[in-house]
Amino acid sequence: MWHAVETSIQTANKTHQVGTSFKKNATPSHPISRPACSVAELMKRTKFSKDQIRHLYRRFKQDSPSGQVNREQFAIIFATLFPTGESYRYSLYVFQNIDRLNTNIIRFEDMLATFSLLVYGSMKDRLGWIFDLYDLNKDGILTRPELFQLIASIFQLIIPIRKLDYRPTLNTIEERTDRLFRAWDVHDKGSINKEDFLQYCLQVSLTI
Ligand SMILES: [Ca+2]
């Protein structure tokens, strides 16, 4: 997914279109939700350039002509990135991590804010986003069942479980979950908060 984002940004860097607002479609075929703020405001919020924002907006509109995406639409778009796997469950986890206000809708501004954090954010910001992705119920605590569900959904992106012997795959997911959970549960509490997670990941990144 982020490769696609980077490709879009690189493409935007090669374009020379200018403008300070989102142009209206001359003959819209359906109601369109446009960004609630100006390009200048989005530039200030996200660090993206005007050309990058306009290019990303066009790409966003290609996939979602209405200007916003619900869970089902997001899952369909997401599935094109993983044509051989089962991406629905993971797409829902990503959706709820972008839809931070829990509106059940992703607008262009939401998507752009996430891209900005992942492209321009600090290591701590990016790791925090990953922790929030793993923290499925968003209560600030990562539990083993949540980590298991997340890892299982990642496996399904690549390997449709229905096509494999289920037990060995499940065992592998259990082992991965145990290994990561033990490493991240630095205080051996049986649960992991964001501070523990950041502390572990930042320490490891410094030693690599
Ligand atoms: Ca949780």
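The legends below describe close-up views of a predicted protein model. Residues are numbered from 1 along each chain as its sequence is written. Because the model is predicted, local features need pLDDT of at least 70 and side-chain atom pairs count only at pLDDT 80 or more, while totals for chains, interfaces and linings use all residues.

**View 1. Confidence along the chain.** The protein has a mean pLDDT (the predictor's confidence in each residue, from 0 to 100) of 84, and 80% of its residues reach 70 or more.

**View 2. The stretch of residues 1-20.** Here pLDDT stays under 50, and the model has 23 contacts beyond four places in sequence; a contact means C-beta atoms, placed from the backbone, within 7 Å. Where pLDDT is low, the predicted coordinates should not be read in detail.

**View 3. The largest nonpolar core.** This core has 14 residues, and Ile-53, Met-111 and Leu-112 have the most contacts inside it. A nonpolar core is a set of buried Ala, Val, Leu, Ile, Met, Phe, Trp, Tyr and Cys residues joined through C-beta atoms within 7 Å, where buried means 20 or more other C-beta atoms within 10 Å of the residue's own, all placed from the backbone. Helix 3 (50-63) and helix 6 (108-120) each give two or more residues to the core. Beyond neighbours within four places in sequence, Met-111 is in contact with Phe-60, Ile-98 and Ile-106.

Notes
Contact = placed C-beta atoms within 7 Å. Buried ≥ 20, exposed ≤ 12 C-beta atoms within 10 Å, placed from the backbone. Helix = DSSP H or I, 4+ residues; strand = E, 2+ residues; numbered from the N terminus.
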